[in-house]
Amino acid sequence: MFDKKTVSIEWGGKTLTLETGKVARQADGAVIATLGETVVLCAVTAAKSVKEGQDFFPLTVHYQEKFSAAGRIPGGFFKRERGATEKETLVSRLIDRPIRPLFPEGFYNEVNAIAQVLSYDGENEPDILSMIAASAALTLSGVPFMGPIGAARVGYLNGEYILNPTDAQVAEGDLDLVVAATYDAVMMVESEAKELSEEVMLGAVLFAHDACREIVKAIVKLAEQAAKEPWEMASSNDNAKIKDKLKKLIGKDIAAAYKLTDKSARSNALNEARAKAKAQFTEEGLSPQDVMAGIKLTKKLEAEIVRTAILKDGKRIDGRTTTQIRPIEAETHFLPRAHGSALFTRGETQTIATCTLGTKDAEQMIDGLNGLSYQNFMLHYNFPPYSVGEVGRFGAPGRREVGHGKLAWRALHPVLPAKEDFPYTIRLTSDITESNGSSSMASVCGGSLAMMDAGVPIKRPVSGIAMGLILEGKDYAILSDILGDEDHLGDMDFKVAGTSEGITTMQMDIKIAGITKEIFEAALNQAKAGRAHILGEMNKALGEVRSELSAHAPRIETFTIDKSKIREVIGTGGKVIREIVATTGAKVDIDDEGVIKVSSSDPAQIEAAIKWIKGLVEEAEVGKIYNGKVVNLVDFGAFVNFMGGKDGLVHVSEIKNERVEKVSDVLSEGQEVKVKVLEIDPRGKVRLSMRVVDQETGAELEDSRPAREAREPRGDRGDRGDRGDRGGDRRREGGRGGERGGERGERGPRRDRGDKPRSGGREGGKDEGGEDIGLPAFLTGDRD
């Protein structure tokens with residue numbers, strides 16, 4: 001029933017299998033790729049005709065992670081996969097970028113590629129597998145695709161490159177690099193690195209390219225068995241006559257427009273030239289399709305004029321040389337209330353970058369195949385239409401904004417301090433206010449300055465630059481700090497960011513069929529010089545991290561308690577920790593290891609919360625003086641809270657050196673007092689004294705009263721009275737024992753009632769002559 005075709009290869013020590021002919025047979029091309037127990041299905045379909053008026057290639061790539069692939073049920077109310085997550089958007093772009101340039105010019109049929117993760121083993125990442133499956137499905141589909149491509153992830157650990165590293169190896173190592181390539185040339189690079197040199201990065205790309213070639217050979221082998229007949233492409237008519245006519249009609253206008261250094265003026269001049277050509281074609285009675293072809297030729301003419309000027313004369317659109325960087329202005333503390341801010345301007349590209357510091361509860365929760373995870377560093381890139389002088393959609397971020405934000409995130413993430421050293425959640429925003437090329441790298445520069453302004457102790461500042469390429473045959477020119485038009489009309493968009501010590505991210509997209517090692521190496525070295533220049537300009541604005549956080553940022557103090565004490569801080573149902581937060585105003589977070597983070601913008605609130613918590617977990621020390629608060633008055637003394645949740649008894653005889661007839665005459669509930677710990681019995685009950693402490697200064701006073709002689713226990717029931725001792729229990733408001741205990745003895749044996757002591761009189765603290773002996777009967781065990 002099934003005409004299944006399969007190819008398997010050993011790749012990076014594992015078996016990679018490509019299968020077709022069994023699933024999704026009505027698609028133009030469908031491939032199931034398997035690595036370990038990770039399985040991805042990619043299906044490709046293409047429209048059989050071009051929509052009327054279509055003048056661009058409508059390729060759409062969708063990547064979707066099925067929660068069932070990891071044996072999970074989605075969170076949220078609907079319990080099903082919803083809109084694309086950030087990761088799904090990024091992987092969709094990862095698939096799209098290397099395959100888009102490999103469709104022939106003039107092919108405008110709509111193409112749809114859908115990659116779905118069907119099984120995930122937690123070890124083999126599905127993004128690389130999805131790129132491979134998409135390439136294979138396109139190769140089998142018969143649509144005009146100049147592939148196939150291969151894809152590989154490379155790590156760098158202990159000086160060695162690792163093919164398809166695990167998450168643990170990536171985290172431990174210094175590099176996470178993804179490469180897509182044809183058999184002959186690299187098409188795309190995406191990476192995050194821990195300040196690696198240009199040589200190491202180049203070596204990683206070449207290592208990945210070798211791995212990509214193995215994939216390409218496997219896809220070709222599968223295509224030999226199962227590829228469909230290739231589509232017939234309509235012969236491409238270069239319209240040489242129309243092109244010559246355009247050159248005579250508006251060639252000089254285009255050349256003049258590209259000599260204007262101001263972007264708005266140049267754009268207006270180009271629009272006037274295009275309108276002039278369109279009016280001429282319409283006047284001559286050409287069909288709408290021919291008019292559209294003429295407009296496309298106008299864009300080709302523009303590219304030809306610009307590229308020729310750069311290659312022959314070395315002159316760029318704005319008059320710069322190929323290595324020259326646009327003027328840079330940087331300013332920090334641009335916004336008074338933001339925790340950190342910067343205004344970064346490079347030519348006609350500008351961003352307002354802000355850094356906001358938050359506590360742990362501000363972390364981003366991510367629900368994915370690996371389960372719930374939390375991210376304490378976020379970078380959000382925003383590109384409003386006014387930044388390019390246009391009207392348009394303004395709202396939720398699109399794929400481009402998500403992609404540019406993640407690129408800047410990768411550039412800055414490697415220089416962040418360890419979470420243990422800086423326990424803040426960090427959110428960067430980059431609001432592009434002007435754009436003329438390389439706004440993502442402006443976000444890197446502005447974001448770095450904003451964090452330094454906020455007092456985030458990053459390892460080193462990071463700068464970024466976008467490189468371009470003009471390639472005609474063997475002649476080429478590498479351009480530093482490209483403009484938007486140089487990006488559109490050039491052959492490469494190559495972004496590099498890093499510190500003075502090395503590269504932190506590198507992203508490359510090729511619009512032609514790949515570049516050579518020579519060009520790639522030259523671009524890396526030219527980018528290094530450009531990054532150093534930009535870093536120098538940034539240092540003029542702020543050379544080092546500010547020593548103090550903004551006055552508006554929260555302060556976080558971290559300390560550790562014994563894990564056995566966590567329950568005392570949290571309390572039953574969280575009662576204690578909620579009381580601490582409500583009373584002090586500080587936020588308190590405690591993890592399973594006993595690490596406590598207390599945060600507030602008011603240092604006094606932090607101090608109060610820390611004092612409270614330490615009072616809950618610390619053990620009282622005999623002989624030490626504490627500040628306390630009277631929480632309950634009883635006839636024989638007062639209970640004082642002196643260590644957070646700890647109470648002790650100040651007996652009436654320990655309040656003052658002179659006799660106190662009535663406790664309430666001297667003390668009141670809520671009164672602040674200073675007490676010394678006299679004794680802690682084996683059961684943890686605490687006896688306190690006020691009379692040996694100066695209540696004004698807290699200094700210890702000499703005990704002038706003569707020591708009392710120890711009393712002998714009276715009878716064998718003395719220890720029983722200890723059960724009445726409730727030390728720090730505020731609920732006991734009266735004594736136990738005393739005369740009533742004696743009276744009970746005269747009544748004869750009592751019924752067994754669990755041997756509970758009953759509330760008694762208050763005379764047990766006096767001897768037979770009525771002399772005060774210090775402690776009540778229930779504390780001394782005297783119940784006879």
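1. Asp481 is buried, its relative accessible area being 0%. The model is a predicted one. Asp481 sits in the loop between β19 (475-480) and α10 (484-489). Its backbone deserves a look: phi of Asp481 is positive, about 55°, although the residue is not a glycine.

2. Ser438 is another non-glycine residue with a positive phi, here near 60°. The residue belongs to the loop between β17 (425-434) and α9 (439-454). Ser438 has 10% relative accessibility and therefore counts as buried, since buried means under 20% relative accessible area.

3. Where is the cis peptide bond that involves Pro148? The bond joins Gly147 and Pro148, and its omega is about 0°. Pro148 itself lies in the loop between α2 (126-141) and β7 (150-157).

4. Arg410 is part of helix α8, which covers residues 399-412. Is this arginine buried or exposed? Arg410 has a relative accessible area of 18%, which falls under the 20% limit, so Arg410 is buried.

5. Which residues does Arg410 touch, leaving aside those up to four places away in sequence? The contacts are Glu190, Ser191 and Glu192, together with Thr504 and Thr505.

How values were computed:
Residues are numbered from 1 along each chain as its sequence is written. This is a predicted model: local features need pLDDT of at least 70, side-chain atom pairs count only at pLDDT 80 or more; totals for chains, interfaces and linings use all residues. Side-chain values use heavy atoms; hydrogens and water are left out. Helices (H or I, at least four residues) and strands (E, at least two) are DSSP runs, numbered from the N terminus. Buried means under 20% relative accessible area, exposed over 50%, partly exposed in between (1.4 Å probe, protein chains only). Contact means heavy atoms within 4.5 Å.
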